[in-house]
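I opened the notebook to go through this structure. The entries below follow the order in which I looked things up.

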Amino acid sequence: MNSSIENFQEYIKPYLLQTIAIKTDKKIIRRGRLKIFQMAQHYAKLTLEDEKRTRIYEIPYPYDISKEGNVTKLDYHSNVFMNIYDLELQCKFLDSSKKSKLFDEYVYILPLSEAE
């Protein structure tokens, strides 16, 4: 599936003004009411409001995006865009000490009531 900016926007729009959770398979990264989102060059800026404050969470565009029911799944696995074995092998030797916490993960955006 193509994860262009327009597609990403269409997947995020239904969550506007809803209380959502952004999570990986391991834990909830952020939660709050999605007030607005902005598209930047390589990131989407999601403005989340909770009981105490309003925060902006920047999330990079995923390599692939899909939706299953109320859950939007963002795929950050490197094998999605690297289908050449030699390139994938070379990437394994790169310094990964400063890698993103989203690297080789699935990230889910879903209503908070379904996250717990």
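**Cores.** I began with the largest nonpolar core, which has 20 residues; F8, I22, I59 and L74 touch the most other members. A nonpolar core here is a set of buried Ala, Val, Leu, Ile, Met, Phe, Trp, Tyr and Cys residues joined through side-chain atoms within 4.5 Å. Buried means under 20% relative accessible area, exposed over 50%, and partly exposed in between (1.4 Å probe, protein chains only). At least two residues of this core come from each of α1 (5-12), β1 (19-23), β2 (28-39), β3 (43-49), β4 (54-60) and β7. I then found another core apart from it, of 5 residues, among them A21, Y108, L110 and L112. In soluble globular proteins, nonpolar side chains tend to be buried together.

**Provenance.** I noted that this is a predicted model: local features need pLDDT of at least 70, side-chain atom pairs count only at pLDDT 80 or more, and totals for chains, interfaces and linings use all residues. Residues are numbered from 1 along each chain as its sequence is written, and side-chain values use heavy atoms, with hydrogens and water left out.

**Fold.** I read the element order from the N terminus as α-β-β-β-β-β-β-α-β-α. That comes to 3 helices and 7 strands, taken as DSSP runs (helices H or I, at least four residues; strands E, at least two) and numbered from the N terminus. Of the 116 residues, 33% are buried.

**Aromatic pairs.** I counted 3 aromatic pairs. Ring centres of Phe, Tyr or Trp (its six-membered ring) must lie within 6.5 Å; planes under 30 degrees apart are stacked, over 60 edge-to-face, the rest tilted. F8 and Y61 are edge-to-face, at 5.5 Å centre to centre with 70° between the planes. This pair links helix α1 to the loop between β4 and β5 (64-68), 53 residues apart. F8 is buried at 1% relative accessible area, and Y61 is buried at 15%. Y63 and Y76 are also edge-to-face, at 6.3 Å and 65°. Y63 is partly exposed at 34%, whereas Y76 is buried at 5%.

**E105.** I looked up E105 in the loop between α2 (85-92) and β7 (106-111). Is E105 buried or exposed? E105 counts as buried because its relative accessible area is 12%. Its side chain makes a polar contact of 3.2 Å with that of K26. Such a contact is a pair of N or O atoms within 3.5 Å; within protein, one must be able to donate a hydrogen and the other to accept it, and residues adjacent in sequence count only if both atoms are side-chain atoms.
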